[in-house]
Amino acid sequence: MPELPEVETVRRGLQPVLEGATITRVEARRPDLRFPFPEKFSQRLTGKTITALGRRAKYLTMDVEGGPMLICHLGMSGSFRIETADGNDMPGIFQHDRSKNSNHDHVVFHVVSAGGGSSRVIFNDPRRFGFMLFAEGPPDVHPMLAGLGVEPTGNTLDGALLASLMKGRRSPLKAALLDQRLIAGLGNIYVSEALWRANLSPLREAGTIAKPGKKAQAQSERLAEAIRSVISDAIAAGGSSLRDYMQTDGSLGYFQHSFAVYDREGEPCSKPGCSGHIERIVQSGRSTFYCRTCQR
């Protein structure tokens, strides 16, 4: 399932086409995806101007003039592509062929930009685990967004805040970092990468980085910086393309070529001076990759 950097990459790909554009028509080609489409889904969006395209955790959000806000999740195989008025895909770097099977084109947004250009934004989802829902009231009370933790981007997540979130927690550090009520949008891949960068074991108790003293303070600060940097680097690289995930221009993210530990079981640790090898263990039914030599 795409993680925060992939969703942010999709947002940035859609933003130039959608923000400020007017929706002239919406085709919902089936009654549901993971959930049924909201009542009068197409009618309520048609004729509206898109004022902002945002992201909260792993959700895309679309603000339209006069409401309602649209909340979109890509699910396991959902992707957007953009077609210009002449029917051509918008070009992009690292271009790859992608499926254009119209049987999986479930939603088509017809939009006209402020400059008058027409485009189609097509949501394709073979497995139909994605969804589109309306937020009728304040977004932070919607069931999908309520209770989400701090975003792991920018400078909001620092060592002190991270320590306060982990304080007293006896669960494994990796499990705590995956708790969306604490930090919103972190997923399996990037938690493994951040823990490696911070030299911290995924198996240690989460609360150990919140204990009094300079050692724990340094650990929480190091981990906060590692989380921010790995997310930032992944966004800059266009995210990671695993299985079905693709960007809006049809290109594939390439941060997977920079993985230090994820999916590298048995390979030597690439940290300078470390003689260890990457191991794979299972935590809460999910693969964890780490180096027990340099991650303590």
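## Annotated sites, a buried threonine and the cysteines

The UniProt annotation "binding site", from an unreviewed entry, covers His104, Arg127 and Arg169. The annotation may be inferred rather than shown by experiment. The structure itself is a predicted model.

**The annotated residues**

Two of these positions are described here. His104 sits in a loop, between β5 (79-84) and β6 (105-112). With a relative accessible area of 23%, His104 is partly exposed. Leaving aside neighbours within four places in sequence, His104 is in contact with Phe123, Asn124, Asp125 and Pro126. Arg127 is also placed in a loop, the one between β7 (118-124) and β8 (131-135). Its relative accessibility is 38%, so Arg127 counts as partly exposed.

**The chain as a whole**

The protein chain has six helices and ten strands. It holds 296 residues, and buried residues make up 53% of them. Among contacts with a separation of 6 or more, 66% join residues 24 or more positions apart. The chain exposes about 13500 Å². Carbon and sulfur atoms supply 50% of that area.

**Thr288**

Thr288 belongs to strand β10, which spans residues 286-290. Is Thr288 buried or exposed? Thr288 counts as buried because its relative accessibility is 1%, and the cut-off for buried is under 20%. Its side chain makes a polar contact of 2.7 Å with the side chain of Gln283. Not counting residues up to four places away in sequence, Thr288 touches Lys174, Ser192, Pro202, Glu279, Arg280, Ile281 and Gln283.

**Cysteines without a bond**

How many disulfides does the count come to? The count is zero. A disulfide is a covalent bond between the sulfur atoms of two cysteines. Here the cut-off is a pair of cysteine sulfur atoms within 2.5 Å.

Cys269 has a relative accessibility of 8%, so it counts as buried. Cys294 is buried too, with a relative accessible area of 15%.

How values were computed. Residues numbered from 1 in each chain as written. Predicted model: local features only at pLDDT ≥ 70, side-chain atom pairs only at ≥ 80, totals over all residues. Heavy atoms only, no water. Helix = DSSP H or I, 4+ residues; strand = E, 2+ residues; numbered from the N terminus. Buried < 20%, exposed > 50% of the residue type's maximum accessible area, 1.4 Å probe, protein only. Polar contact = N/O pair within 3.5 Å; in protein donor to acceptor, adjacent residues only side chain to side chain. Contact = heavy atoms within 4.5 Å. Areas by Shrake-Rupley, 256 points an atom, 1.4 Å probe, with all protein chains shown as cover.
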